[in-house]
Amino acid sequence: MSEDLAKPGWKQIPIAGVPFKKATEYHTGDWRTFKPVIDQSKCTKCLTCWIFCPDDSIVWDGNTVQVDYRYCKGCGICAEMCPVKAITMVKEE
Ligand code: SF4
Ligand code: SF4
C-alpha cells in the first residue's frame, strides 16, 4: 500500500462541522477564540445581531438579548453589525 493510501480518509476524521451532521448535534462553540459580550446598558434590543448571526446563536430570553456560547463560533459579525456597538469581542481565556 502506498503512503497516501495509508492516511486516514474523510470517514476517519473526527466530526467538526461536517455538513451532513446538524450543528445542534455538537457544540461548534468549542472552536471559538474570541467571544461576543453584549453590553446590556447599550443594547436597544433591535435584534440586528440575530438577523446576521450565521449560527443562530443570538437568543432572546424574554427580557434581554443573549449569546448561546454552546454554538457561537466567535466570527464577530454580530459585533460588526450592531448599530450601537453594544457587542465587544473578547479573547477567550
Ligand atoms: S444588534 Fe446590538 S443593539 Fe441590537 S439587539 Fe443586538 S446587541 Fe442589542
Ligand atoms: S460571534 Fe458570530 S456566531 Fe457568535 S453570536 Fe456573533 S455572529 Fe453569531
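Predicted model: local features only at pLDDT ≥ 70, side-chain atom pairs only at ≥ 80, totals over all residues.
## Getting started

A residue counts as buried if 20 or more other C-beta atoms lie within 10 Å of its own, as exposed if 12 or fewer do, and as partly exposed in between.

## The overall layout

The protein has three helices and four strands. Followed along the sequence, these elements come in the pattern α-β-α-β-β-α-β. Of its 93 residues, 15% count as buried.

## Around the two ligands

Let's turn to ligand 1 first. It has 13 residues around it, and the nearest are Cys 43, Cys 46, Thr 48, Cys 49 and Cys 82. This shell is made up of ten nonpolar residues, two polar ones and one charged one.

Ligand 2 is also surrounded by 13 residues, with Cys 53, Cys 72, Cys 75, Ile 77 and Cys 78 the closest. Here the shell holds eight nonpolar, three polar and two charged residues.

## The nonpolar core

In soluble globular proteins, nonpolar side chains tend to be buried together. In this model, the largest nonpolar core has ten residues, among them Cys 49, Cys 53, Cys 72, Cys 78 and Cys 82. Ile 58, Val 65, Val 67, Ala 86 and Ile 87 belong to that core as well.

Setting aside its neighbours within four places in sequence, Cys 53 is in contact with Ile 58, Ile 77 and Cys 78.

## A closer look at Thr 48

Thr 48 sits in helix α2, which covers residues 48-52. Is Thr 48 buried, exposed or partly exposed? Thr 48 is partly exposed, because 17 other C-beta atoms lie within 10 Å.

Beyond its neighbours within four places in sequence, Thr 48 is in contact with Met 81, Cys 82 and Pro 83. Thr 48 and Pro 83 are 35 residues apart in sequence, yet their C-alpha atoms are 7.8 Å apart.

## A closer look at Ala 79

Ala 79 belongs to helix α3, residues 77-81. With 19 other C-beta atoms within 10 Å, Ala 79 is partly exposed, because a residue needs 20 or more to be buried.

Leaving out neighbours within four places in sequence, Ala 79 is in contact with Pro 36, Ile 87, Thr 88 and Met 89. From Ala 79 to Thr 48, the C-alpha distance is 10.0 Å, across a separation of 31 residues in sequence.

Definitions and conventions
Residues numbered from 1 in each chain as written. Chains lettered and ligands numbered in written order. Near = placed C-beta within 6 Å. Nonpolar A, V, L, I, M, F, W, Y, C, P; charged D, E, K, R; others polar. Core = buried A, V, L, I, M, F, W, Y, C linked by C-beta atoms within 7 Å. Contact = placed C-beta atoms within 7 Å. Helix = DSSP H or I, 4+ residues; strand = E, 2+ residues; numbered from the N terminus.
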